[in-house]
Amino acid sequence: MSIATRTVRTGERVIVNALFACAVLSVAVTVGIVAVLLVDAVEFFRESSLVEFLTGTVWAPGQGGGEGGQYGVLPLINGTLMIGLGAIVVGLPLGVLTAIYLSEYANPRVRGVLKPTLEILAGIPTVIVGYFALQFITPSLLRPIFGDDRVFVFNAAAGSIAVGLMILPIIASISEDAMRSVPASLREAAYGLGSTKRQVSLRVVVPAALSGIAASVILAFSRAVGETMAVTIAAGNSPKMTFDYFTSIQTLTASIAQTVSGEAAAGTVRYNALFALGLTLFVITLAMNLISARIVRRFRQVYS
Amino acid sequence: MTASSSVEVLAPSRLRRGATRSGLKILTDAAFSVLLFVGTIVGVIALATLIWTIVDDGWARLMADPVAFMTSYVSRLPARAGIKAALVGSAYLMALTALFCFPVGVGAAIYLEEFAPRNRVTNFVEANIANLAGVPSVVYGLLGLGIFARFLRMGPSLLAGALTLAVMSLPVIIVAARESIRAVPDGIRLGAFALGATRWQTVRRQVLPAAMPGTLTGTILALSRAIGETAPLLVIGLPIVIFSLPNDLRDPVSALPLLIFDWTSRPQAAFAEAAAAASIVLLALLLAMNAVAIFLRNRYTIRW
């Protein structure tokens with residue numbers, strides 16, 4: 001390498017620099033995201049106080065330019081957390097059961113069918129999952145079980161189930177990777193002590209892969225928090241402080257989508273509020289992703 | 001251990017108790033296998049139900065006159081509404097997105113795999129790409145709105161939409177390209193060096209061609225995700241109601257997911273049917289792209 005770099009030709013150096021520029025462009029994207037969010041968010045906080053934004057329990061942007069509205073982000077955080085938790089309640093058990101099945105029980109042929117099927121599920125456009133939630137999950141699943149007068153047309157439960165189905169493949173595939181990287185010797189030792197497959201799975205493989213499962217859940221939660229279309233379509237657009245899953249709520253992402261469909265003009269309070277919401281979303285998801293990546297790195301070190 | 005105690009262990013009563021315990025164990029094991037299978041199959045059933053719902057709702061509308069549906073513009077009358085502008089818009093967006101992000105993504109991957117020194121800058125770029133992959137798509141929309149649409153004055157145009165989708169797909173393509181470049185064995189590189197090739201000649205003539213099938217597969221999968229995205233395009237403000245096809249990069253375009261979102265949000269049942277019909281077209285498009293990707297992977301990937 002050192003000899004090669006010394007005798008490199010000019011043309012080659014130009015190419016390497018161009019390739020370097022491509023790699024650095026990704027850093028520029030991050031800088032761009034942070035700059036765009038910060039500039040307009042700061043503009044927003046100049047007119048509307050940061051304290052009110054972080055502690056206010058009413059999100060009611062004013063009409064038109066949005067002056068005189070109330071901009072408390074807590075109802076949106078509340079809605080976002082409801083969808084995130086609901087999605088985990090749906091996606092975590094199904095995802096982990098799927099992962100155990102794929103990693104410990106399924107024969108190669110069943111695996112060969114199931115894994116692509118999960119990839120297809122992960123690849124369904126979110127707007128179509130939203131349609132499914134609105135046209136099937138609410139009217140044909142939730143309402144027959146819990147009653148028409150109890151379940152609103154737009155409700156957090158349908159959004160949670162829809163997002164839960166979207167994150168199921170993420171939890172299943174990362175957890176399965178973690179389980180498959182548990183050394184065979186651990187399983188063999190447990191079998192040698194007379195354990196059954198169930199005992200090996202639950203008492204050896206799952207505990208050994210626990211950090212990987214945790215990482216997958218955090219990553220999945222971050223995806224659920226960032227999901228936009230399914231919750232905009234199925235969970236409604238009424239920001240409120242509630243824990244009732246059968247009523248309409250609004251998430252951070254849905255609020256952004258709704259404001260944009262309403263075409264807020266550039267420079268208005270309403271427009272700047274978009275970027276304050278985007279910044280909030282960016283910070284939450286970034287923190288989750290960093291925690292998840294850290295856990296993944298740690299569990300890789302254990303067995304490699 | 002004394003003789004008497006070992007006799008006691010073998011006493012018939014103990015044996016029988018052992019036998020019943022293992023009988024219970026067999027039952028629990030069987031129940032657990034069933035639970036795993038049920039948990040796994042729920043995801044498959046959900047996917048089947050989703051596809052069935054879409055096809056059941058939209059098939060009649062699509063098949064009533066498929067040509068008219070695909071060659072008509074939108075309309076206030078659901079029976080006359082078609083997807084022409086959205087379908088063509090999605091095709092243009094996809095082609096331009098590929099044009100923008102493929103060279104940059106592959107360039108960044110080549111740099112990181114073949115040229116990057118192991119230093120802090122490289123580590124930072126890598127961590128940055130990993131984080132970009134976790135940024136919610138709606139935040140990319142805000143980036144597109146703030147930088148491409150407003151700051152660079154592109155407005156809600158084909159160019160702004162394609163650039164936004166390209167930036168969003170970039171981390172996915174970089175990761176896919178890096179994996180296929182890494183899969184090329186070092187023997188190939190060393191052989192080329194031994195024949196006097198420079199680093200770039202080695203990459204250009206040996207490594208890249210060998211890594212191309214995997215890279216193309218990853219790119220197509222990233223594009224199929226981009227083409228199903230709604231939120232970023234919605235945030236940039238791409239129009240839904242539009243009665244012309246783009247002649248210029250600066251012309252506004254629509255996209256299939258946007259149209260599906262718009263029709264899904266309308267109260268009339270006839271628009272829901274149209275949304276389902278458009279969803280069938282979008283799913284068929286994605287299925288075709290995935291089929292091409294799988295074909296490329298199986299047909300051209302070199303196993304070392």
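I began with chain B: its radius of gyration is 28 Å, whereas a compact globule of 304 residues would come near 19 Å. The radius is taken over C-alpha atoms, and the globule rule is 2.2 Å times the number of residues to the power 0.38.

I noted the ground rules next. This is a predicted model, in which local features need pLDDT of at least 70, side-chain atom pairs count only at pLDDT 80 or more, and totals for chains, interfaces and linings use all residues. Residues are numbered from 1 along each chain as its sequence is written, while chains are lettered from A and ligands numbered from 1 in the order in which they are written.

**Chain B, overall**

I took the extents along the principal axes: the C-alpha trace of chain B spans about 95 × 65 × 35 Å. I then looked up its secondary structure and found 12 helices and zero strands. Helices (H or I, at least four residues) and strands (E, at least two) are DSSP runs, numbered from the N terminus. Of the 304 residues of chain B, 45% count as buried. Buried needs 20 or more other C-beta atoms within 10 Å of a residue's own, exposed means 12 or fewer, and partly exposed lies in between; the C-beta atoms are placed from the backbone. I also checked contacts in chain B with a separation of 6 or more: residues 24 or more positions apart account for 75% of them. A contact is two residues whose C-beta atoms, placed from the backbone, lie within 7 Å.

I looked up B:Leu216 in helix 9 (residues 199-227) of chain B. B:Leu216 has 20 other C-beta atoms within 10 Å, so it is buried. Its C-alpha atom is 9.9 Å from that of B:Val292, 76 residues apart along the chain.

I turned to B:Arg153, in the loop between helix 6 and helix 7 (158-182) of chain B. With 10 other C-beta atoms within 10 Å, B:Arg153 is exposed. Its phi is near 55 degrees, a positive value in a residue other than glycine. Most residues other than glycine have a negative phi.

**Chain A, overall**

I counted 13 helices and two strands in chain A. Its C-alpha atoms fill a box of roughly 70 × 70 × 30 Å along the principal axes. Of its 304 residues, 51% count as buried.

I looked up the domains: chain A is divided into domain 1 (2-47) and domain 2 (70-303). Such bounds come from an automatic or database domain assignment. The two domain centres, taken over C-alpha atoms, are 32 Å apart. The contact takes 10 residues from domain 1 and eight from domain 2. On the domain 1 side, seven are nonpolar, none polar and three charged. Ala, Val, Leu, Ile, Met, Phe, Trp, Tyr, Cys and Pro count as nonpolar, Asp, Glu, Lys and Arg as charged, and the others, Gly among them, as polar.

**Where the chains meet**

I found 71 residues of chain B and 70 residues of chain A in the contact. Helix 2 (residues 12-64) of chain B gives the largest share of its side, 20 residues. That side divides into 44 nonpolar, 21 polar and six charged residues.

I picked out one helix pair. Helix 2 (residues 10-47) of chain A packs against helix 6 (residues 137-151) of chain B at about 75 degrees, with axes 9 Å apart. The residues that meet include A:Ile33 and A:Leu37 from chain A, and B:Leu142 and B:Gly146 from chain B.

Note on methods: Axes are lines fitted to C-alpha atoms, for helices over the stretch in contact, and angles run from 0 to 180 degrees between N-to-C directions.
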